[in-house]
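I opened a new notebook page for this chain.

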Amino acid sequence: MPSYTAPMRDIQFVLHELLKVEDALKEIPAHAELDADTLNSVLEEGARFAAEVIQPLNQSGDEEGCTYVGDGVVHAPKGFKEAYAQYVEGGWPALSCDTEYGGQGLPHFVNNAFYEMLNSANQAWTMYPGLTHGAYEALHAHGTPQQKQLYLPKLTSGEWTGTMCLTEPHCGSDLGILKAKAEPVGDGSYLISGTKIFISSGEHDLAENIIHLVLARLPGAPEGTKGISLFIVPKFLPDASGKPGERNPVKCGSIEHKMGIHGNATCVINLDGAKGWLVGEENRGLNAMFVMMNGARLGVGMQSLGLAEVALQNSLIYAKDRVQFRAAKGPVNRDKPADPIIVHADVRRMLFTQKAYVEAGRAFSYWLALNIDKELSHPDEAVRKESADLVALLTPIVKAFVSDNTFECTNHALQCFGGHGFIKEWGMEQFVRDARINLIYEGTNAIQSLDLLARKVLADGGAKLKKFGKLIQAFVVENQGHAGMQEFLEPLMDIGDKVNKLTGEIGPKAQQNQEEVTAAAVPYLRVVGHLVYSYFWAQMARIALDNQGDDFYKAKLATARFYFAKLLPETAGYIRQARAGSEVVMGLPAELF
Ligand SMILES: Cc1cc2nc3c(=O)[nH]c(=O)nc-3n(C[C@H](O)[C@H](O)[C@H](O)COP(=O)(O)OP(=O)(O)OC[C@H]3O[C@@H](n4cnc5c(N)ncnc54)[C@H](O)[C@@H]3O)c2cc1C
């Protein structure tokens with residue numbers, strides 16, 4: 001059975017040495033008093049909860065899965081309900097929620113760090129509270145004062161959970177063709193009808209009520225995405241005091257039997273004239289839902305980071321224990337018949353690849369979450385705008401690049417176990433299966449790459465990308481004379497130049513032919529992802545160079561060197577692919593495939 005210990009040393013390195021969060025928070029009045037000790041003790045307690053309460057349910061939850069009992073009733077695997085009760089009792093759902101609604105008002109990045117640990121422990125379980133927090137954020141941003149008063153305290157406490165209901169049988173990536181209907185009743189409420197599929201945490205026995213956020217069309221709404229509205233549809237209709245009452249006809253028809261995340265109920269949700277209330281403006285539902293979707297995209301990044309971390313931990317333990325052959329330079333462990341497999345170059349390649357992606361992923365995603373705190377709460381409007389632009393630009397990277405890397409990482413982790421990796425009881429194949437969904441939901445990684453290239457980069461003439469470039473330039477200028485840094489600054493500047501050149505080439509071609517964008521988008525995202533990771537690895541290398549005597553920093557420096565020598569070079573191939581143009585992909589008529 002796999003084990004998990006939260007990587008507190010590395011989490012603290014990112015928070016305090018890399019991001020210097022205590023200083024950053026001093027500029028945000030709401031968090032100015034928060035000190036490092038408080039942050040550390042919250043996360044240490046969170047680490048204990050994740051490892052002791054949630055992780056032991058991971059393998060059993062995968063084996064048992066969810067059960068559709070009949071008549072819309074679904075049971076989560078054994079132990080999930082009790083663990084959720086402990087989560088609520090511990091006040092964990094409230095961590096970064098608004099104090100006005102019973103939250104603890106801690107910064108978003110604290111919640112994110114906590115979610116990394118929960119996801120390492122058990123991704124399927126973590127999706128129940130994860131979607132609830134997303135629903136909380138959408139309602140917090142777009143709900144009416146009455147809606148906020150009624151729903152936010154219950155979502156904050158975790159007494160009620162939330163879902164996001166977008167997907168329909170015929171409509172996944174292309175929400176413009178969704179069909180669910182909302183008829184106004186005349187008293188401010190609506191009757192919603194339609195079928196939603198693949199709804200995560202859509203039905204379960206963990207909480208007394210479920211609040212569905214549902215996309216549907218009003219009568220006469222314009223076609224496409226401009227005619228979609230967002231509705232709150234509770235499972236049980238609450239009275240004004242928040243007591244759940246009448247059962248609303250929003251029911252689970254069945255649950256999916258799927259490749260991974262078996263402990264999370266993926267539901268068909270039938271709405272048969274279910275009562276709902278509009279959130280935000282008519283026909284502007286996607287705008288409101290994007291709050292939840294963007295949060296969920298960062299959430300997928302945290303799911304992926306968490307999975308890669310736990311897979312790395314277990315493959316490392318195994319690689320130090322399992323003995324096969326002697327080391328190429330001669331025996332290192334003469335007391336045993338063979339040396340541990342960590343002496344072999346290819347096993348080290350697989351371990352280093354995981355380590356390099358995990359540690360850069362953590363640095364990047366925590367930094368992004370800190371930028372969300374600045375975007376939402378910094379007193380200076382210019383800082384808020386700067387952070388909002390960076391978050392918008394890099395959200396597709398945290399979703400797609402981190403999840404793509406994690407799929408690679410979990411496969412490496414499994415491979416380190418050889419044949420035992422393929423055997424269920426070791427738990428490694430579960431990590432691979434669970435990781436696979438992260439490339440698909442919340443907008444497939446192909447859709448993320450289109451979002452990055454078309455909407456985030458080309459649509460504003462590269463303005464947001466230039467903002468990120470300025471951070472890199474400033475770092476390079478600041479560190480140019482620093483002993484040992486040239487080794488890291490050169491490849492960082494080089495990949496920066498290459499991204500600028502590539503973007504400059506695609507832009508004009510796209511004006512002639514949009515297929516030049518769609519054909520280049522996926523390799524383009526990988527190249528920009530590496531620009532981001534190069535920036536964070538160069539920063540981490542700088543800290544390590546300043547602290548060379550200590551083993552933790554020795555490993556950091558070695559991992560930085562591995563990243564630049566072995567992983568970054570894949571960008572050469574992706575740049576060639578992005579440059580290859582659209583004809584090579586689009587030239588062949590579909591009937592000739
Ligand atoms: C386990 C699970 C949980 C989920 N949870 C939720 C949930 O909670 N709420 C919810 O609303 N949905 C949920 N989903 C749905 C999920 O978000 C969709 O499956 C996903 O967005 C893809 O939609 P689709 O399956 O219809 O695929 P399609 O949109 O049909 O796509 C099929 C393929 O075509 C590609 N493609 C489509 N259009 C383009 C394009 N323009 N350019 C390039 N490639 C393209 C896609 O990348 C994909 O590879 C979940 C799905 C699963 C499997």
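Before counting anything, I noted that two residues are in contact when heavy atoms of theirs lie within 4.5 Å. I also noted that the model is predicted.

**Entry 1: contacts and overall build**

I looked at contacts between residues at least 6 apart in sequence, and 73% of them join residues at least 24 apart. I then went through the secondary structure and found 19 helices and 11 strands in the protein chain. Along its principal axes, the C-alpha trace spans about 80 × 60 × 60 Å.

**Entry 2: surface and charge**

I looked up burial and found that 56% of the 593 residues are buried. The accessible surface comes to about 24100 Å², and carbon and sulfur atoms hold 54% of that. I listed 55 positive and 70 negative charges, whose mean positions are 5 Å apart.

**Entry 3: the cores**

Which residues have the most contacts inside the largest nonpolar core? I found Met 117, Phe 364, Phe 468 and Tyr 524, in a core of 156 residues. Helix 16 (residues 515-545) gives the largest share of this core, with 19 residues. Apart from this core lies another, of 30 residues, and Tyr 101, Leu 139, Leu 215 and Leu 286 are among them.

I followed up Tyr 524 and left aside its neighbours within four places in sequence. Its contacts include Leu 452, Leu 453, Val 457, Leu 465, Val 499 and Ala 578.

Phe 198 is not a glycine, yet its phi is positive, near 60°. I located Phe 198 in strand 5 (residues 189-200). Its relative accessible area is 48%, so Phe 198 is partly exposed.

Glu 442 is also not a glycine, and it has a positive phi of about 60°. I placed Glu 442 in the loop between helix 12 (428-436) and helix 13 (445-457). Is Glu 442 buried or exposed? I noted it as buried, because its relative accessible area is 17% and the cut-off for buried is under 20%.

**Entry 4: Gln 146**

I found Gln 146 in helix 8 (residues 145-157). Gln 146 counts as exposed because its relative accessibility is 58%, and exposed means over 50%. I also checked Gln 146 against Ala 240: they are 94 residues apart in sequence and 9.4 Å apart in space, C-alpha to C-alpha.

Terms used. Residues numbered from 1 in each chain as written. Predicted model: local features only at pLDDT ≥ 70, side-chain atom pairs only at ≥ 80, totals over all residues. Heavy atoms only, no water. Helix = DSSP H or I, 4+ residues; strand = E, 2+ residues; numbered from the N terminus. Buried < 20%, exposed > 50% of the residue type's maximum accessible area, 1.4 Å probe, protein only. Areas by Shrake-Rupley, 256 points an atom, 1.4 Å probe, with all protein chains shown as cover. Lys, Arg positive; Asp, Glu negative; His and termini not counted. Charge placed at Lys NZ, Arg CZ, Asp CG, Glu CD. Core = buried A, V, L, I, M, F, W, Y, C linked by side-chain atoms within 4.5 Å.
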